[in-house]
Amino acid sequence: MRVRFGLAMLAAVLALARAAVHAAPPAAAVLFQDPVFSQAQLAPDGRAVAMLVGAPGQGMRLAVLDLQTMKPSVVASYGADSVRSFAWVNDKRLVLSMEQTPSGPGRAQFAPGLFAVDADGGNYRQLVETTRSFVKAPPSGVPLLDWRYALLPARARAFGDDVFVYAAEENSREKVGYFKLLRLNTITGRSEEVDAPLHTVNWVLDAQGQVRAVLTRQANTLTAQLRQPSGAWLKVAEYERRSLNVLEPRFVGPDGTLYVSAMHGDKRAVFTIDTASGKRSAQPLTVSKHFDLHPSFIANEHKLLGLRYLVDAEVTDWIDPDMKALQDGVDAALPHTVNRLSVPAHGDAPWVLVQAFADNQPELTYVYNRQTKKLLRLGASHPGIDPKALGRADFIRYQARDGLEIPAYLTLPPGQAKKNLPLVVFVHGGPWVRGGSWRFDAEVQFLASRGYAVLEPEFRGSTGFGSRHFMAGIKQWGRAMQNDLADGARWAIAQGVADPKRICIIGASYGGYATLMGLANDPDLFRCGVNWAGVTDPQLMFSVNWSDVNDEGKRYGYAQLIGDPVADAAMLDAASPLKNAAKIKQPLLMAYGAWDVRVPLIHGEKFLAAVKPHNPNVEWVVYPDEGHGWYKPETRIDFWGRVEKFLARNMGPP
């Protein structure tokens, strides 16, 4: 179901919201709990569903529901530690990784291990090391793979016990070296190296497990290569590492067709490509006028069924007419949500997995039986949340001062007039990512449920909106990227949505940086700010040598996108919150994780020392067991409780 709200529909949305019964705001402990039911996946033969389920006092456990008997069973559990992710290997076997409780710099998500287990809980085996040794491999004489190996994301194969794992052969301060790809048997633990060009960083495999296309990287050069019918490798094209024109191999269909992502005008689209000649199709298979498309491919053993991608909301474009009819039927039964369908990869099982979500609805999971037409609810990610207590989001666009169109999401609070509201400008991190989408966001909904309007700008430099939008952000930290945020706040004032005297800017990582620069650049506009895990000086991103960004990334990434620390030193100093700290007089809340290796704590400490002599209204908190973002529910609950009190003090009651 395509959910697209334009400005023309805004009045109707607001009228419906005013008519809705206003429910009590959900507690922070409800909104910021870990999901209690998540990541449901249909088995390749469609006869079982695997999922992660929570329990009081325990981590997330891997469970399997037999759809023929409707009997569930837990097949992997680690006490207080959680199963992090999983995938079906075949109809009867799964692989999974762990997520241990982090403590200190050796955080477990960097070494989650890999394990395998049958769908009935049997034949359990560890395959890859973790940061702890309490889980042992059976005494078969086959050593565990090094902790650096991770599962290669790929759709489940219908048969066989093998998966593919990869690791960097070198990972140092200077660079990430070439990658090795292994084919790993989940029963025996034995592995063998897969033949592919050296320096490959992205592999595309067919259903038989043969590598059909790769991207290789050496220094500043990316090369797309295709395996020809003869088995030889054809170099299609070479690109500068940060080029937006890279041809990206994406998927091999059941009939052997190779699908690639490439530029079509200003936007990224999907094409087919001839592996013998390296020529792509003249016209794209699918393209959008306003969005880059990075689809996932939905197929069974016989054919490609459809493509799923993100525009303003998630959309599934079904090629197969029977699947389109099935989607229409499910959408009629669940008319208020985006409904993501998963069907068996092979066989004739009647079950379809349905994952339903909306801006004001956390994910609900169902199974639908195509024979009986019955829809059975399996679980909810965040039970206890009333959608009527949450805000509604609208995808909008506004013009920046130089004429560039800025996409954004505007979420309005429930159950009251929608004029002259206190506004929170919520800046996404990255910054070279897509910020939002039309689905449940606990942080945004926490603010909306407390009576705040929330504007999430997709400022220039954000990805997903075409090359022109991205390129407009090159070396624009603190400059045009910052103006986009202020222009969004002024747009909200002009629309009558925002009270010009009650606007706050908040964000994490790059969003924290933009918060500080917003307070410095636009003190007449932003009444207060909240920065967590935020960069406070671009020069520190180059000089702090204990961050997790290596020299190669700084040289080919930061220097090109933000500015060279030597040649552009004056520009970087002008765009430094640290060097502009004396300008910031507004109330400010800052929070950092003690073990953050992306934006180390020194960013916050240096800025705190610089701003405190000029600003008595600075609140400061350090979470001792957190890194770049809040891993623990208790941290999220504490932090957002502080934000709620901070906003109420500094913007008045909503």
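A residue is called buried when its relative accessible area is under 20%, exposed when over 50%, and partly exposed in between (1.4 Å probe, protein chains only). This is a predicted model, in which local features need pLDDT of at least 70 and side-chain atom pairs count only at pLDDT 80 or more, while totals for chains, interfaces and linings use all residues. Residues are numbered from 1 along each chain as its sequence is written, and side-chain values use heavy atoms, with hydrogens and water left out.

**Whole chain**

Start with everything shown. The chain has 12 helices and 34 strands; helices (H or I, at least four residues) and strands (E, at least two) are DSSP runs, numbered from the N terminus. Of its 654 residues, 57% are buried. A contact means heavy atoms within 4.5 Å. Taking contacts between residues at least 6 apart in sequence, 56% join residues at least 24 apart.

**Stop 1: Gln482**

Select Gln482, in helix H6 (residues 480-494). Is Gln482 buried or exposed? Gln482 counts as buried because its relative accessibility is 1%. Now show its neighbours: leaving aside residues up to four places away in sequence, Gln482 touches Gln476, Ile505, Tyr513, Ala514, Met517, Gly518 and Asn521.

**Stop 2: a cavity**

Gln476 also belongs to the lining of the second largest cavity, together with Lys475, Trp477, Arg479, Ile562, Met571, Leu572 and Ala575. On a 1 Å grid over the protein atoms alone, a cavity is a set of points where a 1.4 Å probe fits but cannot get out, and lining residues have an atom within 4 Å of a point. Grid points are joined across faces, edges and corners, and a volume is the space filled by probe spheres set on the points. The volume here is about 30 Å³. Searching the whole structure gives two cavities of 30 Å³ or more. The lining of the second largest cavity consists of five nonpolar, one polar and two charged residues. In this count Ala, Val, Leu, Ile, Met, Phe, Trp, Tyr, Cys and Pro are nonpolar, Asp, Glu, Lys and Arg are charged, and the others, Gly among them, are polar.

**Stop 3: helix H11**

Select residues 602-611, helix H11, and colour His603, Gly604, Phe607, Leu608 and Val611, which are buried. Looking down the axis of H11, the buried residues fall within an arc of 120 degrees, so they line one face of the helix; the arc is that of the directions from the helix axis to the C-beta atoms. What do the buried residues of H11 pack against? They pack against helix H7 (510-521), helix H8 (538-543), strand E33 (588-593) and strand E34 (618-623).

**Stop 4: loops**

Go to Asn90, in the loop between strand E5 (82-88) and strand E6 (93-99). Asn90 is buried, at 9% relative accessibility. A polar atom of its side chain lies 2.9 Å from the backbone nitrogen of Lys92, and the side chain of Asn90 also reaches the backbone oxygen of Gly160, at 2.5 Å.

Next select Asn123, between strand E7 (114-118) and strand E8 (125-128). Its phi is near 55 degrees, a positive value in a residue other than glycine. Asn123 is exposed, with a relative accessible area of 52%.

Lys373 sits in the loop between strand E25 (361-369) and strand E26 (375-380). Phi of Lys373 is positive too, near 65 degrees, and Lys373 is exposed at 58% relative accessible area.

Finish at Pro431, in the loop between strand E29 (421-427) and helix H4 (442-449). The peptide bond from Gly430 to Pro431 is cis, with omega near 0 degrees.

Conventions
Polar contact = N/O pair within 3.5 Å; in protein donor to acceptor, adjacent residues only side chain to side chain. 1 Å grid on protein atoms, 1.4 Å probe; cavity = no way out; pocket = protein on both sides within 12 Å on 5 of 7 lines; lining within 4 Å.
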